[in-house]
Amino acid sequence: MQSSHLLLEEPIRMASILEPSKASFFPAMTKIVGTLGPKSRSVEVISGCLKAGMSVARFDFSWRDPEYHQETLENLKTAVKTTKKLCAVMLDTVGPELQVVNKIEKAISLQENGTVILTPDEGQEASSELLPINFDGLSKAVKKGDTIFIGQYLFTGSETTSVWLEVSEIQGNDVVCVIKNSATLTGSLFTLHASQIRIELPTLSDRDKEVISSWGVKNKIDFLSLSYTRHAEDVRHAREFLSKLGDLSQTQIFAKIENIEGLNHFDEILQEADGIILSRGNLGIDLPPEKVFLFQKAALYKCNMAGKPAVVTRVVDSMTDNLRPTRAEATDVANAVLDGSDAILLGAETLRGLYPVETISIVGKICAEVRAAIKVKASVIICFTSSGRAARLIAKYRPTMPVLSVVIPRLKTNQLKWSFSGAFEARQSLIVRGLFPMLADPRHPAESTNATNESVLKVALDHGKASGVVKSQDRVVVCQKVGDASVVKIIELED
Ligand SMILES: Nc1ncnc2c1ncn2[C@@H]1O[C@H](COP(=O)(O)OP(=O)(O)O)[C@@H](O)[C@H]1O
Ligand SMILES: C=C(OP(=O)(O)O)C(=O)O
Ligand SMILES: [K+]
Ligand SMILES: [Mg+2]
């Protein structure tokens with residue numbers, strides 16, 4: 001398989017570009033992960049996000065406490081019920097993230113060519129001259145000439161609220177820096193990124209472990225987004241930790257590649273992880289800007305080959321404050337789709353941005369337009385699955401049509417009680433490009449006889465029609481087991 005198969009296959013007629021898009025006929029195959037926060041936590045806004053196409057909600061524990069995120073999650077549950085749109089839950093860890101300690105949350109102005117000192121003395125008050133940070137090893141990690149960025153939580157690296165520093169001197173535990181651009185740091189949390197520097201802190205921090213074993217277990221999280229994954233060992237360690245937490249043994253681990261160390265160990269990380277997040281926010285300032293696209297293309301190709309979902313972040317930063325993306329951003333979204341990404345992750349845009357619903361809607365429209373431009377030769381593939389494997393395998397080959405994965409629950413026992421499998425498997429498809437899950441009624445007999453298959457298929461077709469993926473007279477490919485044989489059949493629908 002070549003990732004170039006997603007390139008537009010034929011020259012496009014200029015006039016066709018102006019034809020109105022038939023959105024309902026071309027559902028976006030690419031999924032949208034939205035980070036929920038102050039501007040996107042009411043039932044009303046979350047409902048808008050779900051209707052606009054968000055299928056995974058990210059809860060970023062770099063910020064706020066479990067009670068805050070629980071309130072948001074309860075609102076998400078209400079929104080899922082009222083909109084009847086499925087949504088998976090992703091817990092994002094803090095990991096070895098460095099933060100400026102600014103207890104009174106005041107704005108701090110920094111002047112170009114001035115100096116500022118970074119100190120581990122957290123008792124000091126943050127000011128234009130002195131910034132306390134949550135890590136006492138920085139002075140040992142950096143040297144004169146190194147680059148450090150500080151900005152508002154989820155900063156883009158190009159706005160006037162983030163600053164670029166150059167290390168000029170080490171004084172004991174303090175790091176003296178020259179300010180390279182004038183900036184006013186605002187917001188309740190400033191994060192710090194030391195470019196190409198290894199931070200000697202664990203990838204899964206004690207606080208992360210606490211949050212996962214309380215909030216994570218309570219809410220049966222579908223995905224763990226493992227911030228700053230640097231080695232395969234990080235993923236193995238997280239997996240081992242999850243395996244002891246009941247239902248969380250089914251949680252998928254998405255390794256966030258956010259720095260050069262993660263990039264250097266990409267292949268081994270990909271082998272261990274269930275999926276990859278290309279965290280272009282941090283990576284974009286760890287790598288020289290001219291190299292970012294190369295990493296994106298290479299990493300997405302490898303994920304596609306491995307059949308593991310890949311998520312791309314930071315696509316429409318400017319929509320944090322604006323109703324329209326820049327031309328470069330709009331094109332960037334389309335290129336992320338053409339490069340083979342499964343999902344787009346929105347950060348600042350939905351968390352603290354002024355237009356969360358509009359952002360999801362525009363990103364969804366761009367993704368759908370790319371899909372419409374790729375020649376569609378059939379309408380839908382319906383795949384029966386229990387473990388989810390068969391459906392994921394089909395999606396790996398990036399068919400141009402959606403794959404309706406009909407998850408057939410199986411009765412299982414842990415020797416204490418009986419329960420049905422299937423819910424995790426269905427929700428975890430919500431991040432995979434082109435997979436649209438549906439959970440079949442567990443009352444259907446588990447054996448795959450002809451009669452059972454027919455009745456489940458009818459329900460699947462009705463579901464497909466209701467969601468706009470299937471229309472009358474469509475041709476549908478069905479993959480299922482009849483007895484012991486795997487069967488692929490093509491059916492033509494009537495009016
Ligand atoms: N309950 C089912 N009824 C009919 N066909 C099924 C069912 N579960 C899986 N299949 C089909 O069996 C084959 C193997 O699917 P896979 O998802 O890998 O298996 P499983 O989920 O049973 O481990 C595929 O052709 C899939 O479409
Ligand atoms: C998504 C990213 O990280 P964060 O968790 O800080 O938003 C990123 O760096 O692109
Ligand atoms: K985080
Ligand atoms: Mg990041």
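Donors are N, O and S atoms within 2.8 Å of the metal, or within 3.2 Å for Na, K and Ca. Water is not among the atoms, so sites may look incomplete. The model discussed here is predicted.

**The potassium site**

With that cut-off, the donor residues of the potassium ion (ligand 3) follow the spacing D-x1-S-x29-D-T in sequence. The protein donors are Asp60 (OD), Ser62 (OG), Asp92 (OD) and Thr93 (O). They lie 2.5 to 2.7 Å from the ion. Asp60 sits in strand S2, and Thr93 in the loop between S3 and strand S4 (98-100), so this pair ties together parts that are 33 residues apart in sequence. Asp60 has 4% relative accessibility and counts as buried. Thr93 is buried too, at 0%.

S2, H3 and S3 make a right-handed β-α-β unit. S2 and S3 run parallel and are joined by five bridges. Ala57 has Val89 in S3 as its bridge partner.

In a regular strand the side chains alternate between the two faces of the sheet. Which residues of S3 are buried on each side? Ala88, Met90 and Asp92 are buried on one side, Val89 and Leu91 on the other.

**The magnesium site**

The magnesium ion (ligand 4) is coordinated by Glu258 (OE) and Asn282 (OD1), at 2.0 to 2.1 Å. Glu258 lies in the loop between strand S14 (252-257) and helix H7 (260-264), while Asn282 belongs to helix H9 (residues 280-286), so the pair ties together parts that are 24 residues apart in sequence. Glu258 and Asn282 are both buried.

The two sites can be set side by side.

| Ion | Protein donors | Distance |
|---|---|---|
| Magnesium (ligand 4) | Glu258 (OE), Asn282 (OD1) | 2.0 to 2.1 Å |

The domain assignment gives domain 1 (25-96 + 201-375), domain 2 (112-152 + 161-188) and domain 3 (380-493). The centres of domain 2 and domain 3, taken over C-alpha atoms, are 53 Å apart.

Strand S18 (residues 380-385) is mostly covered, with six of its six residues buried. Val380, Ile382 and Phe384 point one way, and Ile381, Cys383 and Thr385 the other. How many bridges join S18 to strand S19 (residues 403-407)? There are five, and the strands run parallel. Phe384 stands opposite Val406 in S19. S18 also pairs in the parallel sense with strand S23 (residues 475-482), over four bridges. There Ile382 is partnered with Val478.

S18, helix H14 (residues 389-396) and S19 make a right-handed β-α-β unit.

How values were computed:
Residues numbered from 1 in each chain as written. Chains lettered and ligands numbered in written order. Predicted model: local features only at pLDDT ≥ 70, side-chain atom pairs only at ≥ 80, totals over all residues. Heavy atoms only, no water. Domains from an automatic or database assignment. Buried < 20%, exposed > 50% of the residue type's maximum accessible area, 1.4 Å probe, protein only. Helix = DSSP H or I, 4+ residues; strand = E, 2+ residues; numbered from the N terminus. Pairing = 2+ DSSP bridges. Right-handed = clockwise from strand over helix to strand, strands pointing away.
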